[in-house]
Every structure is written in structure tokens, then in C-alpha cells.
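Me: I am new to this structure and would like to learn how to read it step by step. Could we go through it together?

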Amino acid sequence: MTMTPAELEAQKETLELLNTEAASRLTRQSESLAKIDTKAVFLIGFAATAAQFLATHKHHDVLAYCAFAAYAISLLAGVQTFRVAEYKDLEPRHLVVSYTRLPKELALIRLASSRASLFEENQRRHQKKAKCWSVSLGSLIVGLVLSTVALLLHT
């Protein structure tokens, strides 16, 4: 998509709008990633606590071992959530070096395009994090159910 200088000038307001929207989307995406990390921390802590509780009480062995396995999966998936947590953003030095001498319209179109690419890359990471978090939550729920049954069957 090549635009003449006159076309770029005519689209300046649209480019500013698109650039602002792309920037706000990246901000919201970053906040969402941080929320997933926070939720994963709680799941990891809860799974560890539940496993410790089960270990200190008399229980039905087979169900307890299955619960421990579910807790282990929950812990590993929670930690995996953090492993894929790298967030991509614009490099300030690159912006200064590459865009300083460009006309505003051309800088805006390149900036918006760069932000759109970063958003797409971060979106893939976001989906991986959400999937890992879902596995962690599901495993925790299974572990809690198994723990409860293991404790009830023993009494």
C-alpha cells in the first residue's frame, strides 16, 4: 500500500486516530496479560496449599494420589503461564532513529502498522497464557474434588 504525499496529508487525521486506537489496544492487552499472571499466582498458591492440606490428613490413598497428580498439573500449568509471559512493545531507540526525519503522516502510518504487528504477536502469547491458566484451573478443580472425596471416604 503506497500512498502519495498528498494522500498521506489527506489521511493525517485518520492516521492519528488509528495510531491512538492501536496504542490503547496495546495498553489494554498488557493489562489483560498482567491480570492472567495475577490469577495464575493465586491458582499456584491455592494448589500448593491444598496439596499440603491433603498430605497432612488421613485419606483414601488412590484418590489422594490422583488429587496430588491434579495439583501437580495445576502447579506446572500455572508456572507455564509465566513462561509465556514475555510482552512485546515498541523499542524507543528504533522509533527515534527510524522515524525522526519522516513526515508526520508517514511516521504515523509506520507507527500504527508496527503497533498492529506487535498486537498480533502479543495476541498469540495471550492465547497461550489463557490456555495454560485454564488447564491450571481445571486441574485444580479436579484435585479439589478428588481431595474431598479422598478425605470423606477415609472417615
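Me: In which helix of the protein chain is confidence lowest, and in which is it highest?

Reply: Where pLDDT is low, the predicted coordinates should not be read in detail. Here pLDDT is the predictor's confidence in each residue, from 0 to 100. In the protein chain, confidence is lowest in helix α1 (residues 5-10), with a mean of 74, and highest in helix α3 (residues 61-83), with 92. The average over the protein chain is a pLDDT of 86, and 95% of the residues score at least 70. This is a predicted model, in which local features need pLDDT of at least 70 and side-chain atom pairs count only at pLDDT 80 or more, while totals for chains, interfaces and linings use all residues. Residues are numbered from 1 along each chain as its sequence is written, and side-chain values use heavy atoms, with hydrogens and water left out.

Me: How many helices and how many strands are there in the protein chain?

Reply: Helices (H or I, at least four residues) and strands (E, at least two) are DSSP runs, numbered from the N terminus. The protein chain has five helices and zero strands, and along the sequence its pattern reads α-α-α-α-α.

Me: At what angle do α2 and α3 pack?

Reply: Two packed helices are described by the angle between their axes and the distance between the axes. Axes are lines fitted to C-alpha atoms, for helices over the stretch in contact, and angles run from 0 to 180 degrees between N-to-C directions. Helix α2 (residues 12-55) and α3 pack at about 155 degrees, with their axes 9 Å apart. That makes α2 roughly antiparallel to α3, a term for angles over 145 degrees.

Me: Which residues of α2 and α3 meet?

Reply: Contact means heavy atoms within 4.5 Å. Among the residues that meet are I36, V41 and L54 in α2, and F68, Y71 and F82 in α3.

Me: How far apart are the axes of α3 and α5?

Reply: The axes of α3 and helix α5 (residues 104-154) lie 7 Å apart, and the two helices pack at an angle of about 160 degrees. They are therefore roughly antiparallel to each other.

Me: What does the C-alpha trace of the protein chain span along its principal axes?

Reply: The C-alpha trace spans about 80 × 25 × 20 Å along those axes.

Terms used
Parallel < 35°, antiparallel > 145°, perpendicular 65-115°, else oblique.
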